[in-house]
2 protein chains.
Amino acid sequence: MTTPGRGLHGRVLDTLGPAITAGDYPPGSVLRTDELAQHFEVSRSVMREAVRVLESMHLVESRRRVGVRVRLKSEWNVYDPQVIRWRLAGADRPNQLRSLTILRSAIEPAAAALAARDATPEQCAELTACALGMVANSRGHKLDGYLFHDVAFHRVILAASGNEMFARLGDVVAEVLTGRTHHDVMFEDPDPAAVTLHVQVAEAVREGDAARAEQLTREITVGALQELDILAP
Amino acid sequence: MTTPGRGLHGRVLDTLGPAITAGDYPPGSVLRTDELAQHFEVSRSVMREAVRVLESMHLVESRRRVGVRVRLKSEWNVYDPQVIRWRLAGADRPNQLRSLTILRSAIEPAAAALAARDATPEQCAELTACALGMVANSRGHKLDGYLFHDVAFHRVILAASGNEMFARLGDVVAEVLTGRTHHDVMFEDPDPAAVTLHVQVAEAVREGDAARAEQLTREITVGALQELDILAP
DNA sequence: GTCCCCGAAAAAGTCAGACTTATTTGTCAC
DNA sequence: GTGACAAATAAGTCTGACTTTTTCGGGGAC
């Protein structure tokens with residue numbers, strides 16, 4: 001992912017960020033900048049920069065004469081890619097994955113519909129190539145190759161939607177798909193029906209059939225929800 | 001919204017953030033920390049903290065021997081509430097509003113469906129109260145009262161969905177709705193059909209009818225899209 | 001002429017210490 | 001009990017010196 005150690009303050013964040021998002025410091029608990037600086041063996045300047053970053057993520061709130069107070073989870077900037085990564089790496093991973101998959105299932109069908117209207121010929125070609133790659137890696141335990149094209153496929157859809165908010169969720173979707181393949185249970189070859197759906201989505205986008213692209217993508221995301229036992233009754 | 005000047009570095013950000021998001025410094029251009037510190041008449045420590053925050057938003061990237069380089073727009077953390085506020089305040093406002101409204105139209109129907117399944121009795125009551133407040137303020141140019149209940153209504157829906165990612169979009173929706181009422185053209189009373197739809201959504205959620213809640217909310221958001229001339233063919 | 005290595009320069013990064021300011025808390029008078 | 005004042009505390013700010021990384025340019029070897 002992004003380079004880990006962008007300086008000393010980055011090192012501090014690599015430890016402190018995950019600790020806070022994991023709930024090691026319960027909401028309302030107070031940290032002192034000086035103590036943290038001592039604990040991490042860095043100067044106060046460095047520690048202050050780290051605190052500023054946490055503050056900009058709304059993870060903590062710094063107040064004079066009080067200290068650095070950990071904010072309620074409901075106030076965190078949960079769309080910050082860094083925060084998402086920290087939470088996916090910690091004990092909150094299952095919940096995070098659930099939330100993100102539900103988000104995907106809301107966003108991706110809409111993105112596919114827009115992509116069907118606005119995708120450039122290049123993007124259509126790219127999409128078809130990705131779907132082809134998925135097919136080529138769908139049998140014979142070539143999970144890494146399959147994942148690679150799967151991630152690329154969804155990135156293209158989100159980018160081709162022409163909506164910057166959708167496009168920026170590419171990284172999130174990549175994390176979810178990667179997590180599903182690597183961390184969680186996925187020993188066998190992918191579901192053939194899912195592969196077919198991707199091919200058909202590429203088709204629909206190419207033909208400019210927004211309604212069909214949307215519906216097919218919805219079927220893909222419903223599958224993702226079912227894998228996590230998130231059912232719509 | 002959030003308190004403006006949380007210290008000197010906050011003051012700097014209030015100027016520098018909008019300038020960058022507005023495109024005053026084109027992508028790739030390089031700033032020097034020392035020059036900025038001089039320009040804003042603050043110490044280097046303060047300037048460095050400000051730069052760290054901008055860096056955590058992926059607005060800039062700080063490299064040794066080079067300086068602080070402005071990143072491509074496609075790399076910005078566009079879900080950061082602060083970034084959204086800066087962009088809504090600048091020349092990019094129309095585009096930002098477009099993107100956010102499309103995002104709303106993808107999220108809110110899904111949130112309404114989940115809310116219909118999981119809303120607590122208290123949330124159902126709150127929702128009904130909001131809808132009632134909208135009705136009461138729907139005639140006689142009581143736009144502020146209407147807006148207040150409209151914002152509250154959508155916040156409750158997003159919160160009641162039980163998905164933290166959806167819930168955190170409450171502020172975004174509030175900004176969009178407020179912007180529509182205050183900045184943009186909205187002289188007359190709100191569309192009676194929209195008011196009715198809100199009342200019906202509250203009904204559907206109360207009755208646990210997920211499909212109906214989703215469909216009705218979709219009609220609300222389609223209305224929002226049409227106001228901005230974003231059409232689905 | 002091209003390529004490579006090395007040294008100088010430039011800008012961010014780090015540290016330490018002194019000082020300022022806002023906020024809380026506690027005490028004392030009323 | 002209430003209100004005002006004083007002390008304590010931790011964040012905030014500034015400054016200056018130093019380190020480290022990266023880029024750029026020159027000079028030498030081929």
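**View 1. The second largest pocket holds about 960 Å³ of space.** A pocket here is an open set of points on a 1 Å grid over the protein atoms alone where a 1.4 Å probe fits, with protein on both sides within 12 Å along at least five of seven lines; the volume is the space filled by probe spheres set on the points. This is a predicted model, where local features need pLDDT of at least 70 and side-chain atom pairs count only at pLDDT 80 or more, while totals for chains, interfaces and linings use all residues. Residues are numbered from 1 along each chain as its sequence is written, chains are lettered from A in the order written, and side-chain values use heavy atoms, leaving out hydrogens and water.

**View 2. The lining of that pocket counts 36 residues.** Lining residues have an atom within 4 Å of a point. Nearest the centre sit A:R52, A:E55, A:S62, B:R6 and B:H9. α3(A) gives the most, with 5 residues; helices are DSSP runs (H or I) of at least four residues.

**View 3. DNA strand C is surrounded by 20 residues.** That means a heavy atom within 4 Å of the strand. Among the closest are A:R63 and B:T33.

**View 4. Side chains from both chains make polar contacts with DNA strand C.** These are pairs of N or O atoms within 3.5 Å. A:R44 puts a polar side-chain atom 2.9 Å from a base nitrogen.

How values were computed. Helix = DSSP H or I, 4+ residues; strand = E, 2+ residues; numbered from the N terminus. Polar contact = N/O pair within 3.5 Å; in protein donor to acceptor, adjacent residues only side chain to side chain.
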